[in-house]
Amino acid sequence: MPQLLLEIFSEEIPARMQQGAARDLERMVSERLKAAGLTWEALNVFAGPRRLTLVIDGLPVAAEDRNEEVKGPKTSAPAQALEGFLRKTGLTQDQLVERDGVWFAEISSKGRQTTEVFAEAVDQIVRSFPWPKSMRWGTGSLRWVRPIKRIIALFDGAVVPFEIDGIQSGDVTEGHRFLGSGKPFAVKDFADYRAKLERDFVLLDVADRKLRILEAAKAACAARGLALVDDDGLLDEVAGLAEWPTPILGDMDPQFLSLPPEVVRLSMKVHQKYFAVRDPSKDGLAPNFLVVANVEATDGGKALAAGNSRVLSARLNDARFFWDEDQKVGFDAWNDKLKGVTFHAKLGTLAERVDRIAALAREIAPLVGADAAQAEQAARLSKADLASGMVSEFPELQGVMGGYYARLAGYPDAVADAVRDHYKPQGPGDSVPTAPVTVAVAIAEKLDTLVGFFAIDEKPTGSRDPYALRRAALGVIRLVLENSARIGLRRDAFSAAMAALEKGNVQRAVDKLSLETELGAFFADRLTVLLRDQGQRHDLVAAVFALGDDDLVRIVRRVEALAAFLATDDGANLLAGYKRASNILKAEEKKGPLPEGAVATGLANQPAEETALAFAAAAAATAVDAALETEDFAAAMTALAALRGPVDAFFTGVMVNSDVAEERENRLKLLGQVRGVMGRVADFGQIAG
């Protein structure tokens, strides 16, 4: 079947926008072709510095004719409803079909030609493309990320003719701006297009550009006994900057290695897009860098390397100036500056936030095995580097620089490490601190954020989360779980954070109970997301959270034990028995209060199955209570498993709604006892199945 090829060739597309643009192009083309009834075998999209390319294989020449039945109003509906339906379908009443008192319209449409659909789609897509930023050029009204120069539009080897603001579709493109022939060339299909681009020094696929960068970069480093410092984010960026990427190894002044390696790497990456290099035989960085050029230099890149070295030296000289000057200032002056910096209009200054974090860190420290004085000291230093020259220049180094400055100022290593790492974890891929002082400050920092913004009613809504509160909650959860910290969210964390807020006279929009409830639900949701990503069912988390426990470690252990139990035959069958018992009890509760008191045994004519379940439920209650006391949740599940047989036998051999009132009441008490025993482990009513 025919192939469709589209290329939109323009001036340079920012690297950060390329992959998003590829996804948008694929989505927008797919939506329009599907809406026209077209199908295909394969669709691929490519994005690069100067072009967006789309190729579709296996498209038909035209969409199939379509017959569609549209349901209309009832025959008894007002005349206005029928008139509206006729206008919508373009039919008359005698063309409608009546069936079961409803009007139906049978609409037939002839399939459109693929070229017609495609030309119309490209025009719409180009005019409505969702670039983060776009521009107009010349005298036209068209907007694109950068001026469009050419458009290739081919179907089955022939040009699909259309024109957009004076840009005529065709079969011609251009190669590399510097290395290429400088002459436009025609293509006939995707294979021809790709091959000719590569001969003219353009690698179309970003995966090919990345591979070329990595292989050549590692080879250049290995030739001098060095190794590349991997940086996937930087690799993504430079692969979008060069159509024919050529890595070149350069040298820098070794004196700059006296700067913190994070400063050197960030200066290279942010300002110059250079990769750092290390010496495998030593710790730290090597006095080298690797730049990815968009040309192949005749001198092997020596002049390019020398020029880039001079630029890097200027950048690193600036960094060294900030490094030296910051050490002359120190924490007292920085913390004093924070008094004049607003954190949030309703939550006070950064200095007031530091006071809250310090008070909270002192409270949390004993719960995570940290020294309370060191936790408070680290918290009071934690935000100071925000006022430093280095962090003003490189905001990405907040915390990191504070850690360096704290160590240079003679603070204990535990304090300096906590200052450095208290923002962690900042995302699902970030590492979780384990040092007790760091854990205390990191939890305190995130709790202050969460409780503060919830208190002033700045909660996340839908996809909107401007203060990254979901990330903060997930950070607290990971810190607690991965350090097995026994912290009660309500009794320890929330109450301490609210006390710190009140001490700072922060006006809250809700009362304590309401705030605790909202935060508890928010953490439950975040824990559900985390456990779901790990393969756990969301309903099991809900079943455990329903018990009101606020110890995250205990909650997760209980969920894991519950999941293992329900995966067994005993668990699955007991759950079915629970739901049957619960349904009976709910139905009785609608009639009035359930009978209370002890379950009787030894009644006249009492079935053996009833007696057996009564004894089994009593034994299970004792065993479950003992297991829960020691947090042996596997043992608690084993105790519940012993109920499976007696419950099955009871429902098989006993009629609950006996005509004898005494028997009926005793059996309802027994089912209530079974429900109560199981409810000590989890709310089984929340579990699906």
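This is a predicted model: local features need pLDDT of at least 70, side-chain atom pairs count only at pLDDT 80 or more; totals for chains, interfaces and linings use all residues.

Colleague: Which residues touch the most other members of the largest nonpolar core?

Modeller: Leu527, Leu562, Leu640, Leu643 and Phe684. That core has 142 residues. Helix 15, residues 436–455, gives the most to this core, with 13 residues.

Colleague: What does leucine 643 touch, leaving out residues up to four places away in sequence?

Modeller: Leucine 643 touches Leu574, Leu613, Ala616, Ala617, Ala620 and Val677.

Colleague: Switching to helix pairs. At what angle do helix 10 and helix 11 pack?

Modeller: About 160 degrees, with the axes 8 Å apart. Helix 10 covers residues 350–364, and helix 11 covers residues 372–381. The two helices are therefore roughly antiparallel.

Colleague: Is that crossing left-handed or right-handed?

Modeller: Right-handed. On the helix 10 side, the contact uses Val354, Asp355, Ile357, Ala358, Ala361 and Arg362. Helix 11 brings Ala372, Ala373, Ala375, Glu376, Ala379 and Arg380. By class, that contact has eight nonpolar, no polar and four charged residues.

Colleague: How about helix 24 and helix 25, what is their crossing angle?

Modeller: Roughly 150 degrees, and the axes come within 13 Å. So helix 24 is roughly antiparallel to helix 25. Their crossing is left-handed.

Colleague: Which residues make the contact?

Modeller: Val647, Phe650 and Phe651 come from helix 24, while Arg667, Leu670, Leu671 and Val674 come from helix 25. Six are nonpolar, none is polar and one is charged.

Colleague: New topic, helix 13. Which of its residues are buried?

Modeller: Val400, Met401, Gly402, Gly403, Tyr405 and Ala406. These buried residues of helix 13 pack against helix 7, helix 8, helix 9, helix 12 and helix 14.

Colleague: What follows helix 13?

Modeller: Glycine 410, with a positive phi near 90 degrees.

Colleague: Last one. Why does threonine 349 count as buried?

Modeller: Because its relative accessibility is 18%, and the cut-off for buried is under 20%. Threonine 349 is found in strand 18, residues 348–349.

Colleague: What is threonine 349 in contact with, beyond its neighbours within four places in sequence?

Modeller: Leu338, Lys339, Val341, Thr342 and Phe343.

Notes: Residues are numbered from 1 along each chain as its sequence is written. Side-chain values use heavy atoms; hydrogens and water are left out. A nonpolar core is a set of buried Ala, Val, Leu, Ile, Met, Phe, Trp, Tyr and Cys residues joined through side-chain atoms within 4.5 Å. Buried means under 20% relative accessible area, exposed over 50%, partly exposed in between (1.4 Å probe, protein chains only). Helices (H or I, at least four residues) and strands (E, at least two) are DSSP runs, numbered from the N terminus. Contact means heavy atoms within 4.5 Å. Axes are lines fitted to C-alpha atoms, for helices over the stretch in contact, and angles run from 0 to 180 degrees between N-to-C directions. Angles under 35 degrees count as roughly parallel, over 145 as roughly antiparallel, 65 to 115 as roughly perpendicular and the rest as oblique. A crossing is left-handed if the near helix is turned anticlockwise from the far one by less than a right angle, and right-handed if clockwise. Ala, Val, Leu, Ile, Met, Phe, Trp, Tyr, Cys and Pro count as nonpolar, Asp, Glu, Lys and Arg as charged, and the others, Gly among them, as polar.
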